[in-house]
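This briefing describes the structure shown below.

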Amino acid sequence: MTARGLIVVCATPMGGHVGPLTAVGEHLASQGWRVVMITGSRFAHQVTAAGLEHVALSGVADFDEKDPSTFTPHLDRYRGLRLSRYQVEQTFIQPITAQAATLAQVLAENEVSAVLTDGTFAGTLPLISRDPGSRPPVIGLGVMPLAQTSCDVAPTNSGLPHMAGPLSRLRNRLAHRMVRHVLFRATQRLARHRIEESGGRLEGFVLDFSAQCDRFLQLGPAEFEYARRDLAPTTAFAGPVTARRSRPVPQPTWWAEMLADPRPVIHVTQGTLDNHDLTQLVEPALEALADSPVQIVVTTGGAPADELVRIAPENARIAEYLDYEELLPRTSIMVTNGGFGGVMTALRHGVPLVVAPGGEDKPEVAARVGHFRVGINLRTRRPSPQALRDAVDAVLSDTTFADSASAMRDAIATYDPFAVIDTELRHLIQQHPTDPPAHAISAPDTDAPDTAAPDTEENLP
């Protein structure tokens, strides 16, 4: 098949981001596009196995999510919005210069038809800030709950419950001002500096990245997002993308026994990232459900399972990985720490949830699970065994949760994310003003000294 042109895909080097963007890239390659994917060095095999060209990030941008101490060494010092700010700065802002340099190099060496960027890959912001005629079009892809300032929605990860009405909108406006001008003031200043040293300029609040792309496609259903009267007109909902597996997952020896067991299956997982300490959720869940008339099916997400097998009760079965396409149709409840991809996968199968949210975007995911009644939000990453037992019992006994999850499954089934991406990409390329000689942007000096502007009110948007 003759290549239609070159698409550059940019992904923050975290499994929950690389997975769906690799699937998007693989689809585009199947449609005849040449696809280059910029992401972390440890994902090289996953990217090339999907038939894409891999370009590795470098420096602070090439962090390893499996070892948080290397890029968020002081994680335990923060809580709430201060924790969110710290994580944003370390994973979203500090890598901008190195990300932008890698992207600039690819653009300088190739004629690029479009850039598709993970909604947390802020190294595309210097490119976006250029005149549209001097660069390729940029499409953002959302792989976490939509982060976009709105009078109808509280600040991302604020923990404030979603409400409607004039008083709620007033609360939200005040909360957004507090976030922008107080809590994230230094973050905005740092972002402006990183973008300027990369040859661009920051227009608006850095966390409103989704509103700054030429087009932003949220890889989730609108039905799992709060209604916004001021949603950016460039934003659309494409539905969730199923991440590609590079190799099949073998069935464990107990699989047939599980299928023959009539007891409800309660699936417990801490995902593949925040799974270094299984005392947060997995072990309390085993204790909570040990005497329940259920089957507990645990996946450790790659973490060693030997110790867990040793302490597991009679009704528990343990594996490092399982094929969700085979497990979830048999599952009654998923107990999880709230990763967006895992929750979307559960809801795609109509499985209700019990969520004990960890860090990053997980509190926002859990808040939506509770708001839309597709499960229960426990509002803590370390729930007690009793809280877990009560939540599981409530979801099993109240059909509201299963009915809501089934309705979400039916809504998700109406989306065709790859068709949406194909259509939006074609329209954007056709409509985008082009000036090919100016597409390349100069690579920033990644060794430049830090000369950030003073933290003054006039430096804020």
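The largest nonpolar core comprises 37 residues, and V8, I38, I93 and V115 have the most contacts inside it. A nonpolar core is here a set of buried Ala, Val, Leu, Ile, Met, Phe, Trp, Tyr and Cys residues joined through side-chain atoms within 4.5 Å. The model is predicted: local features need pLDDT of at least 70, side-chain atom pairs count only at pLDDT 80 or more, and totals for chains, interfaces and linings use all residues. Residues are numbered from 1 along each chain as its sequence is written, and side-chain values use heavy atoms, with hydrogens and water left out.

- A second, separate core has 28 residues, including V18, L21, V24 and A114.
- Leaving aside neighbours within four places in sequence, I93 is in contact (heavy atoms within 4.5 Å) with V88, T187, L190, A191, R194 and V206.

**Overall architecture**
- The chain contains 17 helices and 13 strands.
- Its radius of gyration is 22 Å, close to the 23 Å that the globule rule gives for 461 residues, so the chain is as compact as a globular protein of that length; the radius is taken over C-alpha atoms, and the rule is 2.2 Å times the number of residues to the power 0.38.
- Of the 461 residues, 54% are buried, where buried means under 20% relative accessible area, exposed over 50%, and partly exposed in between (1.4 Å probe, protein chains only).
- Among contacts in the chain with a separation of 6 or more, 68% involve residues 24 or more positions apart.

**Helix α10**
- Helix α10 (residues 282-289) is mostly covered, with six of its eight residues buried: V282, P284, A285, L286, A288 and L289.
- These buried residues pack against β8 (265-269), β9 (295-299), α11 (306-311), β10 (316-319) and α15 (385-397).

**Residue N157**
- N157 lies in the loop between β5 (138-142) and α6 (166-183).
- N157 is buried, at a relative accessible area of 13%.
- Not counting residues up to four places away in sequence, N157 touches L81, S84, E360, D361, P363 and E364.

Definitions and conventions: Helices (H or I, at least four residues) and strands (E, at least two) are DSSP runs, numbered from the N terminus.
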